Amino acid sequence: DEQAAILANSKTVTLEASDINGQAGVKAIIGKSGQTIQSILQKCNEGTTNGSGGPGQVVKINANVEAGTVEISGPKAGVEKAVKLCKQAVFGETQATMKLESRSAMNIVFGKDYSQIQQLQNTTGAKLDMDKENFILHMSGKREQVVDARAAVASLLQRCKGVSIEINVADVGAVYGKGGTTIRNIQDRTGAFIEVQQPSSTDADATVKCNIVGEPDAVTQARQLIAKALAREVELKPGEIAETLNLGGAATAAVIGRGGSKIKELETAHKVSLNVNGDVCRIVGKEANVKAAKAAIQKIIEPILAAEEAQKQATLAAEAGDSAWQGYEIPPDEEGW
């Protein structure tokens with residue numbers, strides 16, 4: 001009968017959040033003031049008196065923004081058409097993907113504060129979405145827009161491919177700085193992106209790759225600042241001075257302390273920045289603070305250095321045969337007692 005025919009020709013499809021980019025996708029399907037969803041319904045229900053499936057049948061769309069889903073029901077042909085139009089409202093007529101090589105490449109496409117990806121969308125008209133976990137760029141829009149977007153991204157990545165340098169595992173900390181302050185400062189100042197590979201070895205002589213990407217001028221400037229960081233150079237702020245102090249031997253460990261505890265204590269107490277490279281300690285801060293910190297460090301190292309020097313002299317004397325008992329001769333009249 002007629003009712004059975006209607007049921008046989010009916011279909012219900014649910015577009016899940018993963019199919020349409022969740023809430024953002026539902027909003028795109030609805031459109032401004034509901035214009036997009038009304039247009040979809042009109043296209044799917046035109047051609048017959050009551051819908052594409054015949055009398056009494058119409059396509060219905062239930063858009064749930066909170067759940068990020070869209071349910072479409074009605075005659076099969078109309079539902080299939082609505083599914084296609086809903087996805088086009090979210091992704092455009094044409095979709096394409098581009099696999100990026102690294103996190104650095106992804107950062108280049110994003111740009112600082114997402115400015116670059118916004119510019120790419122504005123200039124090409126394509127919509128760009130990034131899969132941050134897998135470094136995959138999704139492009140959608142009209143065919144010519146997607147083609148233009150792919151070309152623009154490829155050109156951007158080629159221009160900003162940057163350089164890769166090798167740094168010693170022992171120097172990774174110098175590039176990052178305390179709490180990552182150095183690497184963030186370099187990126188903020190230059191606009192370049194810096195990615196240091198995780199060390200696969202704890203050997204201090206091992207090396208890791210440091211990738212610097214961005215506009216050519218930014219890469220050049222960032223590379224220069226990284227070289228300064230590796231050389232432990234510190235840029236002084238107005239009113240600051242820098243002094244160095246040779247530590248040497250066991251005194252170095254005493255100044256650093258277990259897990260860097262002593263050096264942190266000195267920095268806090270005297271409001272200075274301390275950097276120990278080998279046996280040399282660099283002290284940066286206001287002049288009075290630097291002098292106070294230097295005096296405190298000397299108070300730590302002087303007894304240790306004095307003890308080391310005394311031990312050294314004793315060892316040299318023993319090796320040279322200069323001990324007091326070795327140089328004493330028994331007087332002739334005392335022989336035999």
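Q: What do buried, exposed and partly exposed mean here?
A: Buried is under 20% relative accessible area, exposed is over 50%, and partly exposed is in between, with a 1.4 Å probe and protein chains only.

Q: Where does Glu80 fall, then?
A: Glu80 counts as partly exposed, at 46% relative accessibility.

Q: What sort of model is this, and what are the cut-offs?
A: It is a predicted model: local features need pLDDT of at least 70 and side-chain atom pairs count only at pLDDT 80 or more, while totals for chains, interfaces and linings use all residues. Residues are numbered from 1 along each chain as its sequence is written, and side-chain values use heavy atoms, with hydrogens and water left out.

Q: How many salt bridges does the structure hold?
A: 5, counting a side-chain nitrogen of Lys or Arg within 4 Å of a carboxyl oxygen of Asp or Glu.

Q: Which residue does Glu80 pair with?
A: Lys11, with the closest N and O atoms 3.3 Å apart. Helices (H or I, at least four residues) and strands (E, at least two) are DSSP runs, numbered from the N terminus.

Q: And Lys11, how accessible is that?
A: Lys11 is partly exposed, at 31%.

Q: Switching to Glu243: which residues share its salt-bridge network?
A: Lys291 and Lys294. The N to O distance is 3.8 Å for Glu243 with Lys291, and 2.9 Å between the closest N and O atoms for Glu243 with Lys294.

Q: Why does the Lys294 pair tie together separate parts?
A: Because Glu243 lies in strand β10 and Lys294 in helix α14, 51 residues apart in sequence.
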